[in-house]
Amino acid sequence: MAKSGRSQGGIIGTLNRSSFGECTVTTTTASGTFTTRQGTTKLAALLIGGGGAGGQNYGAGGGGGGYLCTTISNLNNNTGYAVVIGGGGAASGPPPAGGDGDDTTFAGATATGGGGGVGCAIAGSPGGSGGGGGGQGGAGGCGTACQGYAGGAGAGNAGGGGGGAGEAGNTDGSKHGGDGSSASPLSCSTYGGGGGGYNCGTAGTGGGGGIGSPSNSGAANTGGGGSAQFSPMPASGTGGSGLLITKELNYASGMWPMQSQYRNSVCGTWP
């Protein structure tokens, strides 16, 4: 209902809940507290879950962490919100399987951790992106809808590649980890790549670890999956930790009362 011109400083119209985040972009790489700016009530967010670790014994690559693009509304301005950045799965997860990645959470949104790669003839673990299946026919683990893809199946003595945020494992031949995604407008970087499977598997782009690469573990703060064991060494790779990127949005509906404009101008939050 319209307010009187007097109550709104001379403008007649519906009161407007203003949000002036000034389009501030923030990257958070460790768990803690994110505090919204004065005037922020809405933001865009990219959450990346922790990647899964690679498996052992003709093992498979770990799945990339879930890749979630979302808009979060009804926030309170100048308020702290808990952030949990998912850790990567541990290579010492229940042998011969690698550990699953942990979830990344913020303000009610969750990016699921990647599924761990597994060993011979075992099905890969589900996750944000699924872990690959072990050699001798293990099926790939399922990915989470709108966050990632399935891991590839094992074949012969080769473990499957872990799924990635942009594609499934094994898309260009056995053992390849699925590529990650760069779909979010908040970042042009690629995140959530799957780890490579046993016997010279290559990693997907986006932080996944590949056998024979400088590191067979997923890169930190990318959600990349770890690679499988390459006999006799090195051991299977760990998953890479996750990430949060936020953009505090300028948002409005209805008319701007002059009093609201004045208050935000005094606070330095008027665009």
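Which residues does Ile-72 touch, not counting residues up to four places away in sequence?

**View 1. Ile-72 and what sits around it.** In this predicted model, local features need pLDDT of at least 70, side-chain atom pairs count only at pLDDT 80 or more, and totals for chains, interfaces and linings use all residues. Residues are numbered from 1 along each chain as its sequence is written, and side-chain values use heavy atoms, with hydrogens and water left out. Beyond four places in sequence, Ile-72 touches Thr-41, Lys-42, Leu-43, Ala-45, Phe-106, Ala-107 and Ala-109 (contact: heavy atoms within 4.5 Å).

**View 2. The largest nonpolar core.** Of its 14 residues, the ones touching the most other members are Leu-43, Ala-45, Leu-47, Ile-72, Val-83, Phe-106 and Leu-244. Such a core is a set of buried Ala, Val, Leu, Ile, Met, Phe, Trp, Tyr and Cys residues joined through side-chain atoms within 4.5 Å; buried means under 20% relative accessible area, exposed over 50%, partly exposed in between (1.4 Å probe, protein chains only). Strands E4 (43-48), E5 (67-72), E6 (80-84) and E8 each give two or more residues to this core, and E4 brings the largest share, three residues. Strands (E, at least two residues) and helices (H or I, at least four) are DSSP runs, numbered from the N terminus.

**View 3. Ala-150 in the loop between E8 (109-111) and E9 (243-248).** Ala-150 is partly exposed, at 30% relative accessible area. Gly-162 is twelve residues away in sequence, yet its C-alpha is 7.4 Å from that of Ala-150.

**View 4. Asn-170, also in the loop between E8 and E9.** Here the Asn-170 side chain reaches the backbone nitrogen of Lys-175 at 3.2 Å.

How values were computed: A polar contact is a pair of N or O atoms within 3.5 Å; within protein, one must be able to donate a hydrogen and the other to accept it, and residues adjacent in sequence count only if both atoms are side-chain atoms.
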